Amino acid sequence: MAAHLSSGRVNLTALREAGRRELREFLDKCAGSKAIVWDEYLTGPFGLIAQYSLLKEHEVEKMFTLKPGRLPPADVKNIIFFVRPKLELMDIITDNVLREDRGRSPQRDFHILFVPRRSLLCEQWLKEQGVLGSFIHREQYSLDLIPFDGDLLSMESDSAFKECYLESDQTSLYHAAKGLMTLQALYGTIPQIFGKGDCARHVANMMIRMKREFPGSQNSIFPVFDTLLLLDRNVDLLTPLATQLTYEGLIDEIYGIQNTSEDFFDNLTVEQEFMSGIDTDKVNNYIEDCIAQKHPLIKILRLVCLQSVCNSGLKQKVLDHYKREILQTYGYEHILTLNNLEKAGLLKPQTGGRNNYPTIRKTLRLWMDDVNEQSPNDISYVYSGYAPLSVRLAQLLARPGWRSIEEVLKMLPGPHFEERQQLPTGLQKKRQQGENRVTLVFFLGGVTYAEIAALRFLSQMEDGGTEYIIATTKLINGTTWIKSLMEKLEPAPF
Amino acid sequence: MSRVRADEEEYWHSSKFRAFTFDDEDDELSQLKESKRAVNSLRDIVDDDDDDDLERVSWSGEPVGSISWSIKETASGSTGSLDGRDSSLQKGPSSYAALPKQASSYSLSSLFKGRNKLSSFQSLSDALTDTGIKNYAPELRRPKAEYKICSLERFRSLQDKLLLLDEAVAGHDGNVITAVLIFLKRTLRREILFRELEVRQVALCHLIHFLREMGEQKFLLDLLRFLDRTEEVALSQYREHLNIQDVEKRREFLKGCIGLPFSAEDTSHIQDHYTLLERQIIIEANDRHLEMAGQSELFRKYPRKASILNMPLVTTLFYSCFYHYTEAEGMFSSPTNLKKTFKIPDKQYVLTALAARAKLRAWGDVDALLTTKNWLGYTKKKAPIGFHRVVEILQRNNAPVQVLQEYVRLVEDVETRLNLASKYKCHDVVIETYRDLKDRVQLTAYKCKVERGSAEEEKIQSILSNMQIRWKN
């Protein structure tokens with residue numbers, strides 16, 4: 001039944017079971033027949049935890065989608081809202097509650113389950129509208145890390161990157177830390193923590209602090225993970241911008257987009273030129289043509305950001321030229337988005353006059369000319385010759401270790417560090433002959449399918465020595481990622 | 001439902017808590033009395049709570065939560081430090097140490113929610129969340145008088161408040177940080193709050209995010225000005241224009257944005273935005289009038305699909321090239337006026353004008369656009385965008401072959417030229433090119449592609465039979 005979760009080296013079924021128990025407990029708290037009103041965004045993640053049959057066992061008789069207006073009729077004792085803590089959703093809930101027919105009998109009880117956590121702002125908002133008192137149970141369901149596959153966990157937090165890098169809001173990092181504590185409770189303390197990046201450092205600090213504050217969480221579970229590697233997304237901004245060329249990655253990118261195959265290949269050619277360092281310091285003709293033909297703005301933004309990252313920032317004249325063309329073609333209001341991209345480090349002027357990217361590329365062997373996609377021998381097959389920087393870092397950490405790339409690490413943003421966590425005596429891991437190490441790689445800010453494929457490739461390698469489990473704040477592709485950084489330009493409906 | 005509401009009312013109107021003041025002075029004696037009283041009440045409650053499973057208590061406003069909260073922070077208040085490891089409570093009666101009940105590994109929540117109620121302040125987040133949000137009575141849009149105090153009022157001195165803030169930040173819990181910031185925003189003078197936040201980056205970012213979410217624009221701008229983050233002030237203010245639907249008001253607003261401290265580059269963009277909208281309003285008014293009057297053939301034949309208001313510059317240029325192509329430069333609606341005012345580069349201008357005229361099938365205009373006269377009076381065809389692009393645009397607008405052919409002929413790259421010519425059946429161009437390449441084989445092969453007995457077939461025939469040509473194959 002949960003075959004896909006137990007197929008890997010780490011049996012993630014236990015994580016899902018824990019999630020189910022918490023859900024059951026809450027449902028039972030709202031005794032009697034119930035209807036659930038769903039925030040649509042949550043149906044996906046919840047579907048990975050529990051099926052409707054489980055809900056039915058706990059007297060869930062109806063399910064509705066959250067929308068304004070009167071709630072549909074349902075002869076149940078309880079109405080439970082399953083929602084993310086977002087103000088817009090609170091407005092809808094308020095509307096539902098206020099329109100409830102008080103005269104009806106029997107009256108229905110209201111409850112809210114916030115996922116993954118409650119929010120002061122939301123509850124205050126409900127109070128402002130005068131409906132806070134209408135809810136009997138207001139709780140949170142800490143769905144921090146959702147098991148997507150036997151080796152893949154995601155928080156599905158689509159605003160994590162923006163919050164961390166644009167707004168310096170560490171809430172999602174807090175959730176990541178909490179998720180990691182949950183994992184350790186189920187799978188044992190992780191003895192070694194490595195990290196690169198400011199957010200990585202914060203998460204590690206939080207983990208250490210949380211461990212100190214809950215001495216009871218020291219458990220006697222034999223550790224499954226040998227190592228945790230925390231990586232900031234902004235250590236490798238390049239990878240999500242490039243078009244993914246693995247099957248899953250391609251589907252993820254292309255679905256819903258109408259490209260001619262000609263244009264697709266032209267696009268790819270330009271990307272590959274940038275990634276191999278060709279002409280990254282000039283205004284690019286293909287990009288200009290695309291702007292002139294008013295191709296979708298996100299496509300343009302991906303390309304100019306790619307050029308900027310491959311050049312360690314664009315020359316002021318080149319940057320100004322692109323900005324002007326974009327604003328004149330798509331509208332001046334996009335100044336706000338361009339500003340966000342600059343803040344995130346994706347599209348910025350070159351400072352210090354030095355382009356570090358070629359050095360990084362050479363030292364870490366990111367560009368492999370002789371790639372064989374049919375029977376690959378290196379992770380660079382996922383981008384047809386380009387090895388994702390993030391995965392290369394993981395690879396080198398396992399063998400021969402980061403000491404060998406100290407200089408390059410310094411060129412990448414944020415600190416790099418190592419922490420050790422004490423294991424109770426008797427639980428020290430003794431590896432059998434030929435047994436692989438298990439490393440959990442946590443991408444803070446998002447991970448692409450291509451990076452997942454690359455890590456899986458490493459796991460399968462004979463004599464690879466390490467198996468990887470992947471965790472992230474969100475599964476992303478270049479389009480969804482850039483979109484999350486764009487200013488919402490349509491005014492709010494209310 | 002009503003049960004909870006009644007509790008809530010009762011809570012808010014109870015006289016349990018004193019009214020707060022803005023005084024920053026400490027009142028240790030009364031604090032101590034208060035804390036003694038609170039500690040005693042806690043004992044009673046904790047006794048009853050032995051069977052409590054320590055799941056997070058719902059925030060329904062039961063007084064229990066708030067008292068235990070008061071205990072903890074009062075205890076730390078009296079020792080002058082917010083460090084959670086306060087010894088005075090830690091050495092509580094040993095029976096309490098049995099709490100929390102050691103949760104089975106089955107329930108995730110109990111692992112992290114279960115806590116020793118008496119162990120001092122494990123973490124600020126636990127403490128704050130135990131007591132319930134409603135205790136914090138933030139000022140959002142409600143007159144102060146409506147709320148009674150909130151227990152954070154115990155933190156009277158500036159020092160205590162700052163310690164509270166630092167502790168909240170160290171805990172990383174967003175809700176807690178927000179709650180504390182709301183309290184500080186209400187109880188500190190602005191200059192002090194700003195000054196303290198300036199050196200506390202995380203709290204500062206958090207507050208900015210909060211102010212944006214809640215739409216507290218004025219406060220936000222004051223904060224940014226204080227921090228000298230002038231560009232952000234400018235952008236923040238500019239962002240507001242998106243909320244203004246009325247065009248005139250939006251224009252006024254944009255005008256006001258011009259003097260703001262943007263970077264030099266951005267300033268010119270904002271200026272352009274204003275100027276563009278100003279022009280669009282004028283053009284829109286005139287054109288709407290023209291359309292309704294029904295006199296203009298152009299507007300009758302091609303009714304406008306949408307208003308030009310708030311469209312990007314290039315779209316406006318296209319519109320202008322479509323409906324106002326021949327107007328004098330002095331008119332706001334003329335393309336040349338737009339080009340001059342907004343310094344639109346030649347390339348963009350030609351491309352846009354081309355697209356507009358092609359749509360109207362005005363091939364003469366297309367030709368004129370691409371023709372330049374040199375000083376000797378000789379004309380020459382020139383395209384700042386490459387003739388293959390010109391061909392593309394014309395073809396998309398179903399230009400007749402004779403027109404298309406002219407420009408295919410001018411494509412510089414031979415292979416591209418041949419591709420386009422074959423694709424669009426510009427036979428003459430194919431024939432001429434093969435002739436120029438002296439490629440007899442290809443030319444012969446091409447004979448099959450043209451209609452039997454046509455002029456093109458004859459042309460090929462005559463070239464093939466030309467003795468003077470030195471064929472390469």
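Predicted model: local features only at pLDDT ≥ 70, side-chain atom pairs only at ≥ 80, totals over all residues.
Because five of the five residues of β8(A) are buried, the strand is largely enclosed by the rest of the structure.

Two loop residues of chain A come next. A:Glu100 belongs to the loop between α5 (87-98) and β4 (109-114) of chain A. Its relative accessibility is 7%, and residues under 20% are classed as buried, so A:Glu100 counts as buried. The side chain of A:Glu100 makes a polar contact of 2.8 Å with the side chain of A:Arg108. If residues up to four places away in sequence are not counted, A:Glu100 touches A:Leu71, A:Arg108 and A:Phe110.

A:Ser157 is placed in another loop, between β7 (152-154) and α7 (160-165) of chain A. A relative accessibility of 16% puts A:Ser157 among the buried residues too. Apart from neighbours within four places in sequence, A:Ser157 is in contact with A:Ser172, A:Thr473 and A:Lys474.

Aromatic residues give another view of the packing. A pair of aromatic rings is described by the distance of the centres and the angle of the planes. Over all chains, a search of the whole structure finds 24 aromatic pairs. In one of them, the ring centres of A:Phe46 and A:Phe82 are 5.4 Å apart and the planes stand at 40 degrees, so this pair is tilted. It links distant parts of the chain, since A:Phe46 is in helix α3 (residues 40-47) and A:Phe82 in strand β3 (residues 78-83) of chain A, 36 residues apart. Both A:Phe46 and A:Phe82 are buried.

A pair in chain B has a local setting. The rings of B:Tyr319 and B:Tyr323 have centres 5.0 Å apart and planes at 55 degrees, so the pair is tilted. These two residues are four apart in helix α17 (residues 313-323) of chain B, and therefore about one helical turn separates B:Tyr319 from B:Tyr323. An α-helix has 3.6 residues a turn, so residues three or four places apart point the same way. B:Tyr319 is buried at a relative accessible area of 8%, and B:Tyr323 is buried at 11%. Both tyrosines belong to a cluster linked by ring pairs, together with B:Phe299, B:Tyr302, B:Phe318 and B:Phe322.

Rings in chain B also lie under charged side chains. B:Lys185 lies over the face of B:Phe219, 4.8 Å from the ring centre. The charged end of B:Lys339 sits over the ring of B:Tyr349, at 5.6 Å from its centre.

Chain B as a whole contains 26 helices and two strands. Of its 473 residues, 51% count as buried. Among contacts in chain B between residues at least 6 apart in sequence, 57% join residues at least 24 apart.

Two helices of chain B show how span and setting can be described. Helix α11 (residues 201-213) of chain B has 13 residues and reaches 18 Å from its first C-alpha to its last, close to the 18 Å expected at 1.5 Å a residue. Its buried residues include B:Ala203, B:Leu204, B:His206, B:Ile208 and B:Phe210. Their cover comes from both chains, including α6 (120-128) and α8 (171-187) of chain A and α12 (217-226) of chain B. Just after α11(B), B:Gly215 has a positive phi of about 70 degrees.

Helix α15 (residues 264-293) of chain B has 30 residues and spans 44 Å from its first C-alpha to its last, close to the expected 44 Å. B:Gly294 follows α15(B), with a positive phi near 75 degrees.

Methods. Residues numbered from 1 in each chain as written. Chains lettered and ligands numbered in written order. Heavy atoms only, no water. Buried < 20%, exposed > 50% of the residue type's maximum accessible area, 1.4 Å probe, protein only. Polar contact = N/O pair within 3.5 Å; in protein donor to acceptor, adjacent residues only side chain to side chain. Contact = heavy atoms within 4.5 Å. Phe/Tyr/Trp six-rings, centres within 6.5 Å; stacked < 30°, edge-to-face > 60°. Lys NZ or Arg CZ within 6 Å of the ring centre and 35° of its normal. Expected span 1.5 Å × (residues − 1).
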